[in-house]
Amino acid sequence: MTHTTDRTADVAVVGGGIAGLAHALAAARTGARVVLFERDERAVGASIRNFGLVWPVGQPAGLYERALRGRDVWLDTAKRTGIWHAESGSLHVVRSAEEEAVVEEFLATSPHAAEQGCRMLTPAEVAAASTAVRPEGVRGALWSPTEVNVDPRTAIPALAALLEREHGVALRFGTAVTGIDLPGVDTTEGRWRAERVFVCSGNEFQALYPEVFADSGVRRCKLQMLRTVAQPGGWALGPALCAGLTLLHYASFAHCASLAALRDRFDRELPVHRAEGVHVLVSQTAGGQVTIGDSHRYAGTHDPFESAEVERAILDYFSGFAALPRTRVAERWHGVYPSLPDGRADLVAHPEPGVTVVNGLGGAGMTLSFGLAAETTADLG
């Protein structure tokens, strides 16, 4: 184990969300002395306001491999920290001919899907896999075994503690970075020295190198989510759940020609869902609560209020394909994360020697951050 001393490190990481933590881990594994700065006293942004789903099935070829590498790191992290996790896999519930056509085309044209064991389940197999799925009208489901569920509210702090305990990373929570002029890193607790800096500032991207983001076309995505009360003891959701709207959301399905007919159908039948970017994912926490969401609005600046109409759209769609023993909502929240246009998966920039800006992972930070960090820190070894 290595340690930082006298406000000196080999690598400084700005941001204590999943992207920053992943870069601190990747850098520390090379033997570098690492310090991590986070302006808040703990991670409170998008990294803890999500489903806790590592979601390789949503990633297209190229990023799928990055997602699987990230999955391996999550499983290793869970082993080392003892955090709750479930290798649950996922079901995309199919309820129309248009949805079935997309899933069949996906399975026929995505070699990585077959290699990982994705397949179409029959209605009887769906019923056996999940008691939460409503059987009425189900034509089958896309089964993927690769998805992993963690609880981000406990997993993110546990990962930070692991960095400090096993890798000697200096965690400077409650410390903002105000400027970078290598080897100097100016912070609210004084000046540090570092040879390399990784800026993983998430939604606070205007604080450092704002010109990088001005040129990128980045927007902020606002989403709404909710969580139920704990379900009865012993009741388990099983695989993470989603349905046809999710086929329109993830890039892994974007190449399918049959997607056009499904999009046309949803544009006619679910105009509010389409206008609000609603697609519904469902996961469960260690305490038995069920997380349901979400919506997607894109803008430079968002109002801070949740919409009752959006929540109704989410719950109405959810109730069409799934049911819970207990439906009372215990928590509601919104999250905001940077998102790049044109389907770009990440923003990696080098605004000056020794500085790497990493951002723009959209809603896939839990899935892709570890794999991306291994790539962007490769030259440290």
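This is a short tour of a predicted model, stop by stop.

Local features here need pLDDT of at least 70, side-chain atom pairs count only at pLDDT 80 or more, and totals for chains, interfaces and linings use all residues. Residues are numbered from 1 along each chain as its sequence is written, and side-chain values use heavy atoms, with hydrogens and water left out.

**Stop 1: helix α1**

Select residues 18–28, helix α1. Helices (H or I, at least four residues) and strands (E, at least two) are DSSP runs, numbered from the N terminus. In α1, 11 of 11 residues are buried. Buried means under 20% relative accessible area, exposed over 50%, and partly exposed in between (1.4 Å probe, protein chains only). Among the buried residues are I18, H23 and A28.

**Stop 2: two packed helices**

Now select α2 (residues 63–81) and α12 (residues 365–376). Their axes are 7 Å apart, at an angle of about 100°. Axes are lines fitted to C-alpha atoms, for helices over the stretch in contact, and angles run from 0 to 180 degrees between N-to-C directions. The two helices α2 and α12 are therefore roughly perpendicular. The cut-offs are under 35 degrees for roughly parallel, over 145 for roughly antiparallel, 65 to 115 for roughly perpendicular, and oblique for the rest.

Show the side chains next. From α2, the contact includes L63, R66, V73 and W74; from α12, it includes M366, F370 and E375. Contact means heavy atoms within 4.5 Å. The contact residues divide into 8 nonpolar, 4 polar and 3 charged. Here Ala, Val, Leu, Ile, Met, Phe, Trp, Tyr, Cys and Pro count as nonpolar, Asp, Glu, Lys and Arg as charged, and the others, Gly among them, as polar.

**Stop 3: T146**

Go to the loop between β7 (140–144) and β8 (148–150) and pick T146. T146 is buried, at 4% relative accessible area. Its contacts include V54, Y64, R71 and Q116, leaving out residues up to four places away in sequence.

**Stop 4**

Select Y317, F318 and F321, which form one aromatic cluster. Rings of Phe, Tyr and Trp (its six-membered ring) pair if their centres lie within 6.5 Å; planes under 30 degrees apart are stacked, over 60 edge-to-face, and the rest tilted. The model has 7 aromatic pairs by this rule. For Y317 and F321, the centres are 5.7 Å apart and the planes at 65°, so the pair is edge-to-face. Y317 and F321 are 4 residues apart in helix α11 (residues 308–321), about one helical turn. F318 and F321 are also edge-to-face, with centres 6.0 Å apart and planes at 75°. F318 is buried at 6% relative accessibility, and F321 at 1%.

**Stop 5: backbone details**

Most residues other than glycine have a negative phi, and most peptide bonds are trans. Look at L182 to P183: this peptide bond is cis, with omega near 10°. Another cis bond joins G293 and D294, with omega about 5°. Y209 has a positive phi near 50° and is buried at 11%. Finish at D342, where phi is near 65°; D342 is exposed at 76%.
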